[in-house]
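Please work through the exercises below with the sequence and the model side by side, and try each task before reading its solution.

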Amino acid sequence: MDGALAVSKRDELIKRSISFLAEVKEMTAGVDVERWLNKTHGPGSSVYDELAVLIKAGIEEGWAANVEISGSRYRRSRICEPSPETFYFSITAVYMDSRESGELSPEVGKTFRGDYHAHPYGELNMVIPLTDGAMLAGPNGWCGAGWTAPAPGSHHYPEVKGGALIALFFLPAGRISYDIQAPAEAC
């Protein structure tokens, strides 16, 4: 194939995301949107399945979730900045794994917690398990393969249990805040 005609998996992921974002650009993240995403674009749909294949390729090829935050168990990368083409959404990938280094299978009930953060304008978050049974804590409880949609103004620690997963998330205006103070832990 001619090098000029070759399209990278990253470019394919961005192109496929743009068609998805055109559909959701006027929606506000929250419970109703989360339900709609899981019904309309959940596992088995062309949107979910195509994006899952592309982001998994990104992990394997090293262009997605390639910046270590807390070692190899917690990595992320911004794939695309907000732009007119993406309807001013950014596209980011996060890899999280609840297993310790060298652990082959996940320990039941064991979780791994990422960095506390806020979603000023909300978030549309596609969860792609890499380990059978891997789940991400969302605003409506634990989510395996599917979507979470934290509402504008929400804040939390991202947590994973059951192994490894990828969170492919779309942020309106690219807004996410890591400089928010986490609440004091309950005794």
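The model is predicted, so local features are described only at a pLDDT of at least 70 and side-chain atom pairs only at pLDDT 80 or more, whereas totals for chains, interfaces and linings use all residues. Residues are numbered from 1 along each chain as its sequence is written, and side-chain values use heavy atoms, with hydrogens and water left out.

**Exercise 1. The open sheet**

Task: Determine the strand order of the open sheet of six strands, and find which strands stand at its edges.

Solution. Begin with the elements themselves: helices (H or I, at least four residues) and strands (E, at least two) are DSSP runs, numbered from the N terminus. Two strands are taken to pair if DSSP finds at least two bridges between them. With these rules the order is β1-β2-β3-β12-β6-β9, and the pairing is antiparallel. Next, look at the ends of that order: β1 (67-68) and β9 (146-148) each have a single partner strand, so one side of each is left without a neighbour in the sheet.

Then follow the pairings one by one. β2 and β3 run antiparallel and are joined by six bridges, and in this pairing Ser77 has Ala93 of β3 as its bridge partner. β3 and β12, also antiparallel, are joined by nine bridges, with Thr92 standing opposite Phe169 in β12. Finally, β6 (residues 124-129) pairs with β12 in the antiparallel sense over six bridges, and there Val127 has Ala167 of β12 as its bridge partner.

**Exercise 2. Burial in a strand and in a helix**

Task: Decide how many residues of β3 are buried, and which residues of α1 are buried.

Solution. Apply the cut-offs on relative accessible area, which are under 20% for buried, over 50% for exposed and in between for partly exposed (1.4 Å probe, protein chains only). In β3, nine of the nine residues are buried, so this strand is largely enclosed by the rest of the structure. Taking the strand face by face, Phe89, Ile91, Ala93, Tyr95 and Asp97 are buried on one side, and Ser90, Thr92, Val94 and Met96 are buried on the other.

Turning to the helix, α1 has 16 residues and reaches 22 Å from its first C-alpha to its last, close to the 22 Å expected at 1.5 Å a residue; the expected span is 1.5 Å times one less than the number of residues. The buried residues of α1 are Leu13, Ile14, Arg16, Ser17, Phe20, Leu21 and Val24.

**Exercise 3. Salt bridges**

Solution. For Glu50, the partner is Arg16, with the closest N and O atoms 2.6 Å apart. Glu50 is partly exposed at 37% relative accessibility, while Arg16 is buried at 18%.

For Arg35, the partner is Asp32, the closest N and O atoms being 3.5 Å apart. Arg35 is exposed at 57% relative accessibility, and Asp32 is exposed at 61%.

For Glu100, the partner is Lys110, again with 3.5 Å between the closest N and O atoms. Glu100 is partly exposed, with a relative accessible area of 40%, and Lys110 is buried at 16%.

**Exercise 4. The cavity**

Task: Find how many cavities of 30 Å³ or more the whole structure holds, and describe the lining of the largest cavity.

Solution. On a 1 Å grid over the protein atoms alone, a cavity is a set of points where a 1.4 Å probe fits but cannot get out, and lining residues have an atom within 4 Å of a point. The search finds one cavity of 30 Å³ or more, and about 160 Å³ of space lies in the largest cavity. Its lining has 21 residues, of which His117, Glu123, Asn125, Pro158 and Phe169 lie nearest the centre. β2 (74-80), β3 (89-97), β5 (117-119), β7 (135-138) and β12 (164-172) are the elements that give two or more residues to this lining, and the largest share, three residues, comes from β7.

Key:
On a 1 Å grid over the protein atoms alone, a cavity is a set of points where a 1.4 Å probe fits but cannot get out, and a pocket is an open set with protein on both sides within 12 Å along at least five of seven lines; lining residues have an atom within 4 Å of a point. Grid points are joined across faces, edges and corners, and a volume is the space filled by probe spheres set on the points. A salt bridge is a side-chain nitrogen of Lys or Arg within 4 Å of a carboxyl oxygen of Asp or Glu.
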